[in-house]
Structure formats: C-alpha cells, structure tokens
Amino acid sequence: MWDAVITVGNLVFIPGLLTMALNKRSYIPRVSSGISVIGVTTVTVGLVGAGLVLSPIVGAVIGVLWVYIFFFRGHPAAD
C-alpha cells in the first residue's frame with residue numbers, strides 16, 4: 001500500500017518538471033537542479049532499499065528529468 005501512496009505522491013511532480021524541461025525559455029540555476037538530483041537519487045535509493053517497486057521507478061523518472069534540466073536548462077535562454 002505504501003508503494004502506491006508514494007507513487008501517486010511522486011506522480012504529482014512530473015507535469016511541472018515536463019513543463020520546465022520542454023520550455024526552452026525555462027531557467028533553473030544549476031545549484032538548485034543539482035541539489036534536486038542529489039535529493040531524488042537519495043530517496044530513490046532508499047525506496048529500492050526498502051523493497052518497493054513502483055515508487056523507485058517514478059523516482060528515477062523524476063531524477064532523469066532533473067538531470068535533463070540540469071544540463072539543458074541550467075543557463076539563461078538567449079533572446
């Protein structure tokens with residue numbers, strides 16, 4: 001049951017992250033996105049260690065989105 005609850009809670013973040021990742025004018029400082037990558041990675045490793053299945057998958061997707069944002073939205077867009 002906790003796996004489903006955590007999964008649903010994490011799914012809430014994906015639309016906002018997709019909006020930032022797909023908008024070429026988005027700018028997230030690398031410090032902020034880097035800290036988010038570290039945090040999401042830590043939580044995902046903990047969920048895997050707890051033996052959960054679905055929530056680490058969703059956490060990994062969120063981590064991949066943050067890594068994309070780190071590399072491609074880490075500098076201001078040129079007008």
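Because the model is predicted, local features need pLDDT of at least 70 and side-chain atom pairs count only at pLDDT 80 or more, while totals for chains, interfaces and linings use all residues.

**The whole chain**

Begin with the C-alpha trace, which spans about 50 × 20 × 10 Å along its principal axes. The chain holds 4 helices and 0 strands, where helices (H or I, at least four residues) and strands (E, at least two) are DSSP runs numbered from the N terminus, and its pattern along the sequence reads α-α-α-α. Of the 79 residues, 32% count as buried; here buried means under 20% relative accessible area, exposed means over 50%, and partly exposed lies in between, with a 1.4 Å probe and protein chains only. Among contacts with a separation of 6 or more, 83% come from residues 24 or more positions apart, a contact being heavy atoms within 4.5 Å.

**Helix α2**

Select residues 13-22, which form helix α2, and colour its buried residues Ile 14, Leu 17 and Ala 21. These three lie on the same side of α2, because they cover an arc of only 70° around the axis, the arc being that of the directions from the helix axis to the C-beta atoms. An α-helix has 3.6 residues a turn, so residues three or four places apart point the same way. Turn to the face away from the buried side, and the exposed residues there are Pro 15 and Thr 19.

**Thr 7 in α1**

Next select Thr 7, which lies in helix α1 and counts as buried because its relative accessibility is 9%. Leaving aside residues up to four places away in sequence, Thr 7 touches Leu 54, Ser 55 and Val 58.

**The pair α3 and α4**

Now show helix α3 (residues 30-49) together with α4: the two pack at an angle of about 165°, with their axes 9 Å apart. Axes are lines fitted to C-alpha atoms, for helices over the stretch in contact, and angles run from 0 to 180 degrees between N-to-C directions. That angle makes α3 roughly antiparallel to α4, since angles over 145 degrees count as roughly antiparallel, under 35 as roughly parallel, 65 to 115 as roughly perpendicular and the rest as oblique.

To inspect this contact, select residues on both sides, among them Ser 33, Val 37 and Leu 47 in α3, and Pro 56, Ile 62 and Phe 70 in α4.

Val 45 and Gly 59 are 14 residues apart in sequence, and their C-alpha atoms are 9.2 Å apart in space.

Technical notes
Residues numbered from 1 in each chain as written. Heavy atoms only, no water.
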